Amino acid sequence: MLRIYAVVAIERLASDNPDGRLNLVLIHGMDTRILIRQRPCSDRLFRIADHAAEALLRAASSGAICVYEVVSPFTSPRQLDSHRLILAIAKGDSFAYDGHDMSRTGNDKERVSSRRQTELAVLQLIQREPAISRVELAHRLGLSTANITGVVGALVEKNFLVEEMSAAKVVGRRRISLTMHPDLGNVVGVDIGTFNLRIAVTDLNGKLLGYREEATEMWRGREAVLSRCFQLIDETLASSSIPVSKVLGIGVAFSGVIDVAEGMVLSYPRLGHAEQWKNVPLKKLVEDYFGIPCLLEDSARAVATTERFLGAGQNFQDFVYVDAGMGIGASIFIGGSIYRGFNGSAGEFGHMTVDENGPLCLCGNNGCLEAMASSATIIESVRRALSKGVISKTLEMANNQMDRISIEIIARAAEENDSLAYRVLSEAASHIGASAADLVNLLNPEAIIFGGALFRAAPVLLLDQIRRVVRQRAMEKSVNDVQLLSSPLGTNAGAVGAARLTAAAMIDTIHHRRGAEAAIPTMPQPAVPAG
Ligand SMILES: [Zn+2]
């Protein structure tokens, strides 16, 4: 009996899915079909995979092929052992086959192109996980070690990759790991925050080569802020001795409401700045100034990307990263990839309602979490109490200047048992805890990781209280296993994350540009066997 096992499509639209995503369609037998979506999978991609299966089915019925097993980077080796392989990598609206018996199903053009796709998959994986070994690469991409050795050898020869002897010995042998060639180019990550402007310059492996941080001075208005930002990018590059011509892309993280596809800042719900930052084509402004591609991303997602690859999120596939500072946002990771929602606005954790009759939020609603627990709210509560005559160390710590009271000062006072500071922080933590319990009930995540200025200031106090509230309020089955952690990352996480997202988005372009002589620029349509 002819059996077709599986067709796998891998979505790697770098800018909107830097982590890659596994989508699986299982087809078994000539007549019966079992379609399984193993992971979150878009309808479009599902159709592509289905289309691929159709082509394989036709090939099988013409007697050209008997057994196909198509595998993905994430299929376990146990499943691979018993069958020969065909790798189908779907990208965009087209895909190619690779593997044995190509002569019966494809032509030379498809073979070359699929080699290009395999190279690209290798580069993307190495960029995401620098220092990955060959064995691990082969395992993850579902290819033989011999096959990987061939592909990697070609990539080393073309100066895409370098081999490095890693310092650690594994079972008595030094391990050779692979990283992106440092000469491929650099990327810039920019984090335009309410208070601080941060610029990071990295190579494609994410190695930090230059970093600058200074006050944003939002009060000076949008044009002044952007003009200083562009100047600071130039200065950071100059002090890192990296010419602008070596910069492949600039990633900008912004904490307003963002349209990633259009590269627009739609709004910036911060008191006094909302008008200045309405419908700003930030991506275009950066591209016009530098003549370099720009990627605009929500700052909570940029930070979350750093958390996922370098921080506490490294060990989790399904987790939520909560970023709390002047605003509160969240990034939801499902199967290791960020969940963006239907039109990209998922994760507005700060605007979940805590109290219908609560204080007015900058978004226009009442009683949002952000209006009850952000750093801005906490600082405001302390100031209000002080102006009513409540005694607190915070005023003295701020040299008796009310406008100098910061979240760091409040955290320090709370540590010294200042009752006002402790009470205000503890109330905020209770509200965050109640909303986090909702997340636990709704998503059953492995972990919730808390980061941002608020958690950098008072991680222990806040997390103790949040743990208590989540344990009280969330359903037992989910709460038993969920880990509530604070982020180990520093203030550069947003800029580093923006650089990382940009590097991931540039891999395809670099490979296409540099490998042009060996590759075919357009992908063939799904292969239909001749005859
Ligand atoms: Zn709100």
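**Figure 1. Strand β20 and the directions in which its residues point.** From β20, Ala447, Ile449 and Gly451 point one way, while Ile448 and Phe450 point the other way, and all are buried, where buried means under 20% relative accessible area, exposed over 50% and partly exposed in between, with a 1.4 Å probe and protein chains only. The strand is mostly covered, as five of its five residues are buried. The model is predicted, so local features need pLDDT of at least 70 and side-chain atom pairs count only at pLDDT 80 or more, whereas totals for chains, interfaces and linings use all residues. Residues are numbered from 1 along each chain as its sequence is written, and side-chain values use heavy atoms, with hydrogens and water left out.

**Figure 2. The open sheet that contains β20.** Five strands form an open sheet in the order β19-β18-β17-β20-β21, with mixed pairing; helices (H or I, at least four residues) and strands (E, at least two) are DSSP runs, numbered from the N terminus, and two strands pair if DSSP finds at least two bridges between them. At the edges are β19 (337-339) and β21 (483-486), each of which pairs on one side only. From one strand to the next the twist averages 25°.

**Figure 3. Pairing between neighbouring strands.** Strands of a sheet pair through backbone hydrogen bonds, either parallel or antiparallel. Strands β17 (residues 319-324) and β18 (residues 328-334) run antiparallel and are joined by six bridges, with Val320 standing opposite Ile332 in β18. By contrast, β17 and β20 run parallel and are joined by five bridges, and here Phe319 stands opposite Ala447 in β20. Four bridges join β20 to β21, and these strands also run parallel, with Ile449 opposite Leu485 in β21.

**Figure 4. Two helices lying across the sheet strands.** Helix α14 (residues 419-443) lies across β17, β18 and β20 (447-451), and runs at about 150° to β20. Helix α16 (residues 459-473) lies across β20 and β21, running at about 165° to β21. For these angles, axes are lines fitted to C-alpha atoms, for helices over the stretch in contact, and angles run from 0 to 180 degrees between N-to-C directions.

**Figure 5. The largest nonpolar core and the surroundings of Ile448.** A nonpolar core is a set of buried Ala, Val, Leu, Ile, Met, Phe, Trp, Tyr and Cys residues joined through side-chain atoms within 4.5 Å. Of the 48 residues in the largest such core, Val322, Leu425, Ile448, Phe450, Leu454 and Phe455 touch the most other members, and the largest share of this core, eleven residues, comes from α14. Leaving aside neighbours within four places in sequence, Ile448 is in contact (heavy atoms within 4.5 Å) with residues including Val320, Val322, Ala436, Leu439 and Leu485. A second, separate core of 30 residues includes Val225, Ile233, Val247 and Ile250.

**Figure 6. Thr194 in its loop.** Thr194 lies in the loop between β10 (186-192) and β11 (196-203), and it counts as buried because its relative accessibility is 16%. The side chain of Thr194 makes a polar contact with the side chain of Tyr268 (3.0 Å); such a contact is a pair of N or O atoms within 3.5 Å, and within protein one must be able to donate a hydrogen and the other to accept it, while residues adjacent in sequence count only if both atoms are side-chain atoms. Leaving aside neighbours within four places in sequence, the residues in contact with Thr194 include Thr216, Met218, Ser255, Arg270 and Met326.
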